[in-house]
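Open the model in your viewer and keep the selection tool ready. This tour goes from stop to stop, saying what to select and what is there.

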Amino acid sequence: DNSSEFIPKRRTCRRQAREQSGEGDHHEGLSSDEELTPTEVDEFQKSRDNVLEDSRKIFEDVHADFCDIRKILLKFQEWKEKFPDSYCDAYISFCLPKLLNPLIRVQLINWNPLEQNFTELEEMLWFRAIEEFSDADNVSE
């Protein structure tokens, strides 16, 4: 099999290139195919910062009652309590995921479960608000 011979040769060539260039921070067994150059890391960080900055502006001109998940869910809870027939006829339980999706996505833009100090989903305010709303639905039913 030709491919099995190619891999050790490629590794040998890379090791020799690292030795000649003086790179000493390589750990044997790690793939250099996935390593990013400092330029790529800088470009990624700038792009990421731009996205995060833009995401802060998304709901800038929206009234607080309509960009806070807890407040939105409270409005729906009031509707359900005051007009249960209308609430049921509108199939709100099917509409809420689509309604809340953009708000949740903005909250998750910076979330990375692969980082060491990431926040668990269950600890996020929007998750607790939905959980409380769901619990209130179960109690009333």
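**Stop 1: a charged patch**

Select E120, E122, E123, E131 and D135; together they form a negative surface patch. Keep in mind that this is a predicted model.

You will find E120 in the loop between α5 (92-107) and α6 (125-140).

**Stop 2: the salt bridges**

How many salt bridges are there? The count is two. Visit them in turn.

Start with E53 and R56. Their side chains meet in a salt bridge, at 3.1 Å from N to O. Show helix α2 (residues 38-57) as well: E53 and R56 are three residues apart in this helix, so about one helical turn separates them. E53 is partly exposed, at 38% relative accessibility. R56 has a relative accessible area of 57%, so R56 counts as exposed.

Next, select E132 and R70. This pair also forms a salt bridge, with the closest N and O atoms 3.1 Å apart. E132 is partly exposed, at 46% relative accessibility. R70 is partly exposed too, with a relative accessible area of 33%.

**Stop 3: the cysteines**

Select C88 and C95. C88 is exposed, with a relative accessible area of 53%. C95 is partly exposed, at 39%. How many disulfides does the model have? The count is zero. For the term itself: a disulfide is a covalent bond between the sulfur atoms of two cysteines.

**Stop 4: back to helix α6**

Finish with F127, which lies in helix α6. Is F127 buried, exposed or partly exposed? At 24% relative accessibility, F127 counts as partly exposed, because buried would need a value under 20%.

F127 and I69 are 58 residues apart along the chain. Draw a distance between their C-alpha atoms: the separation is 9.2 Å.

Notes
Residues numbered from 1 in each chain as written. Predicted model: local features only at pLDDT ≥ 70, side-chain atom pairs only at ≥ 80, totals over all residues. Heavy atoms only, no water. Patch = residues over 30% accessible without salt bridge, like charges linked within 9 Å, V, L, I, M, F, W, Y side chains within 5 Å. Areas by Shrake-Rupley, 256 points an atom, 1.4 Å probe, with all protein chains shown as cover. Salt bridge = Lys/Arg side-chain N within 4 Å of Asp/Glu carboxyl O. Lys, Arg positive; Asp, Glu negative; His and termini not counted. Charge placed at Lys NZ, Arg CZ, Asp CG, Glu CD. Helix = DSSP H or I, 4+ residues; strand = E, 2+ residues; numbered from the N terminus. Buried < 20%, exposed > 50% of the residue type's maximum accessible area, 1.4 Å probe, protein only. Disulfide = S-S within 2.5 Å.
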